[in-house]
Amino acid sequence: MAAEEEGLTGPDGTRPAPEPERPDEPVREHRPGPGSVPELLLGRPPMARPLPSFDHEAAPAEPGPLFVDWLATALYAGVLDPQAFTLSTVDTDGMPDARVLVLRDIDAAGTGWNFSADAHSPKGRQLAGHPAAALTVYWPQLGRQVRVRGTVERAADLVAAAEFATRSPAARVGALVGRQSEPLGSFAEYDEAVAVARRRLEAHPDAVAPGHAVYTLWAHEVEFWQGDSERRHIRLRYTRTGPVSSPEWSRTLLWP
């Protein structure tokens, strides 16, 4: 039976790799012995599974629509947390920093990735001092990676307030607690702060965390990477050649 008839093809026509089976019992902690890490890694070689194809010659002229297609395919394939991405920034000393965030939206036309963060957190301060960043997404089941580099723009407070209202109650409570990345004495202290924030939100449903901010990473360069079990990886890089208001892009096929 054809993949289309089985309902197994994604929006870009590719057939996603099957989702691995998950055991019914909870995940157990494994503690390997000294010197056994290389053996563990060699026993699970990367990309050793069926992976979708990528026709780079048929790729669109702009990277935004291609990213949306790949994201939708990842969702369809059952990739866990496909909206999670790694945001990399630099601090005042030029040291790199990275953490996993959640994608909120994408401006496919202007090629901008939207995310939210606490402006008072380390990443918020780093973006204020150096408004440029890199974004990396990896979808293991598909062997696909997307890398984005560009400048970051903070949205107006009204935009941030509107976005905050769309978040789950738990996410809003967490943001109202604040103090992200500060030293924590105990979880009892944290639980007390959560209780205070929850009561505040119940009394004031429209409350917005003071440091809540929405950012857009405007891409200057986007690279799509399709892994291959034979290491014949396909890498297609888009480079912006026009302004954000009317973006134009060049495409380059890269050596694996």
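Predicted model: local features only at pLDDT ≥ 70, side-chain atom pairs only at ≥ 80, totals over all residues.

Me: Which stretches have a pLDDT under 50?

Reply: One is residues 1-12, where the model has 25 contacts beyond four places in sequence. Another is residues 14-21, with 24 such contacts.

Me: What is the protein made of, and how much of it is buried?

Reply: You will find 7 helices and 9 strands. The C-alpha atoms fill a box of roughly 55 × 55 × 45 Å along the principal axes. Of the 256 residues, 36% count as buried. Among contacts with a separation of 6 or more, 64% are between residues 24 or more positions apart.

Me: Why is M47 called buried?

Reply: Buried means under 20% relative accessible area. M47 has 6% relative accessibility, so M47 counts as buried. You can find M47 in the loop between α2 (37-42) and α3.

Me: And why is T111 called buried?

Reply: The relative accessible area of T111 is 0%, so T111 is buried too. T111 sits in the loop between β3 (105-107) and β4 (112-118).

Me: What makes the phi of M47 and of T111 worth a look?

Reply: Most residues other than glycine have a negative phi. M47 is not a glycine, yet its phi is positive, about 70 degrees. T111 is not a glycine either, and its phi is positive at about 60 degrees. A positive phi also turns up at G78, which follows α3 and has a value near 85 degrees.

Me: Why is S229 called partly exposed?

Reply: Partly exposed is the label between the two cut-offs, under 20% for buried and over 50% for exposed. S229 has 38% relative accessibility, so S229 counts as partly exposed. S229 belongs to the loop between β7 (212-226) and β8 (234-240).

Me: What does S229 touch, leaving out residues up to four places away in sequence?

Reply: S229 touches M47, R49 and L51. As for I106, S229 is 123 residues from I106 in sequence and 30 Å from it in space, C-alpha to C-alpha.

Me: Why does Y190 get the label partly exposed?

Reply: Y190 has a relative accessible area of 36%, so Y190 is partly exposed. Y190 lies in helix α7 (residues 187-203). Beyond four places in sequence, Y190 touches V177 and L184. The C-alpha atoms of Y190 and V177 are 8.4 Å apart, while the two residues are 13 apart in sequence.

Me: How do you know that the span of α3 is close to the expected one?

Reply: The expected span is 1.5 Å times one less than the number of residues. α3 has 14 residues, and its reach from first C-alpha to last is 20 Å, close to the 20 Å expected. Buried residues in α3 include F67, W70 and L71.

Me: What makes a space a cavity, and how many of 30 Å³ or more are there?

Reply: In a cavity a 1.4 Å probe fits but cannot get out. The structure holds 1 cavity of 30 Å³ or more. The largest cavity has a volume of about 40 Å³. Its lining includes F67, L71, W113 and W139. The elements giving two or more residues to that lining are α3 (63-76) and β5 (132-139), and β5 gives the most, with 3. By class, the lining has 9 nonpolar residues, 1 polar and no charged.

Conventions
Residues numbered from 1 in each chain as written. Heavy atoms only, no water. pLDDT = per-residue confidence, 0-100. Contact = heavy atoms within 4.5 Å. 1 Å grid on protein atoms, 1.4 Å probe; cavity = no way out; pocket = protein on both sides within 12 Å on 5 of 7 lines; lining within 4 Å. Points joined across faces, edges and corners; volume = space filled by probe spheres on them. Helix = DSSP H or I, 4+ residues; strand = E, 2+ residues; numbered from the N terminus. Nonpolar A, V, L, I, M, F, W, Y, C, P; charged D, E, K, R; others polar. Buried < 20%, exposed > 50% of the residue type's maximum accessible area, 1.4 Å probe, protein only.
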